[in-house]
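This report is meant for a reader who is meeting the structure for the first time. Please look over the sequence and the model before reading on.

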Amino acid sequence: MAAQKDLYDAIVIGAGIQGCFTAYHLAKHRKRVLLLEQFFLPHSRGSSHGQSRIIRRAYPEDFYTQMMAECYQIWAQLEHEAGTQLYRQTGLLLLGMKENAELKIIQATLSRQGVEHQCLPSEELKQRFPNIRLARGEVGLLEKSGGVLYADKDAIRQLGGIVHDGEKVMEIKPGLLVVVKTTSRSYQAKSLIITAGPWTNRLLRPLGIELPLQTLRINVCYWREKVPGSYGVSQAFPCFLGFSLAPYHIYGLPSGEYPGLMKVCYHHGNNADPEERDCPAAFSDIQDVHILSCFVRDHLPNLEPEPAVMEHCMYTNTPDEHFILDRHPKYDNIVIGAGFSGHGFKLSPVVGKILYELSMKLMPSYDLTPFRISRFPCLGKAHM
């Protein structure tokens, strides 16, 4: 039996951004929470890497746009609590052909949800952003509240209870009190929240469930400006998201994370084991970089068309690229947050709140229908 001091209201496995925000909400409600992380912090092995992310309300789905309204509020509150800047408004420019269906759906969602935006025909786009070269028929949709999030997980972690890093979870024993055994010791909790990114199924398989998660290795590429600062925030250059320019979206952030370098990435990757994330590049990795090089050469003429820096991160994708936020089908005090599919960081303040609510058996603040495990019909008895 674990000692009383090792009994918690909740244990969160995985100290990425989703786990940090789950612990943050638990701690704010005076719950005794332990955040477990298998690697020593800080590390770059998880689902997000680098110091900057895009924040946006622009989504095809109303439910994400609605969730983002509260996310902006919590990010602002956290900035105040942590005493550090976490958000910089730059605007988000969506680029695509005039007839692009996804662009039209996003515009309709923004209009329905009352989010300030502006449609920019080709001529106006050229005047506003002369350092973007447009393809014929390309138009823009500018979401004014879009911008850059600075990925300061430490600021969130410090506000979220006890953190034990360098402790890999070896065994989970379900029960009225869940027992979690790590490489160092055992702990007990009334509830367990698993936010383990690409390692989620390794923890869930012994608990009788395997989720349809695909782990992808993503190239995070930075491109040198020919004139330093020409794509910077000081030049009012926005974040951007490109549709219909490649099989998957291409996105970029103003230069600044590295001096004189702009982050431009492909929103897709290749199957990878998280333990082998830094293995030599596969041919498909090289193809992805080639797609980016062509985009940079054709659309961003003031960047060198070969990446100056290339890093890697992992995506954990679901088949529909919507999150999994649910209780274990058999053990209702085990909660799962997974499958953030490369767009979870900006939404993490509300994801953490939802996982807190599920773990404390409170009424969720949002309709969780899009995020339930039961939406995957392939999860029959063989997976449970």
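## Helix 1

The expected span of a helix is 1.5 Å times one less than its number of residues. In this predicted model, helix 1 covers residues 17-28, and its twelve residues should therefore span 16 Å, which agrees with the 16 Å that separates its end C-alpha atoms.

Helix 1 is mostly covered, since ten of its twelve residues are buried. The buried residues of helix 1 include Ile17, Cys20, Phe21, Tyr24 and Leu26, and among them are also Gln18, Thr22 and His25. After helix 1 comes Arg30, whose phi is positive, near 60 degrees.

## The whole chain

The secondary structure of the protein chain amounts to eight helices and 20 strands. The radius of gyration of the chain is 21 Å, close to the 21 Å that the globule rule gives for 384 residues, so the chain is as compact as a globular protein of that length. Taken along the principal axes, the box filled by the C-alpha atoms of the protein chain is roughly 70 × 45 × 45 Å.

Within the protein chain, 54% of the 384 residues count as buried.

## Surface and charge

The protein chain exposes about 16,500 Å², of which carbon and sulfur atoms supply 52%. As for charge, the protein chain carries 41 positive and 39 negative side chains, and the centres of these two sets lie 4 Å apart.

How values were computed:
Residues numbered from 1 in each chain as written. Predicted model: local features only at pLDDT ≥ 70, side-chain atom pairs only at ≥ 80, totals over all residues. Heavy atoms only, no water. Helix = DSSP H or I, 4+ residues; strand = E, 2+ residues; numbered from the N terminus. Buried < 20%, exposed > 50% of the residue type's maximum accessible area, 1.4 Å probe, protein only. Rg over C-alpha atoms; globule rule 2.2 N^0.38 Å. Areas by Shrake-Rupley, 256 points an atom, 1.4 Å probe, with all protein chains shown as cover. Lys, Arg positive; Asp, Glu negative; His and termini not counted. Charge placed at Lys NZ, Arg CZ, Asp CG, Glu CD.
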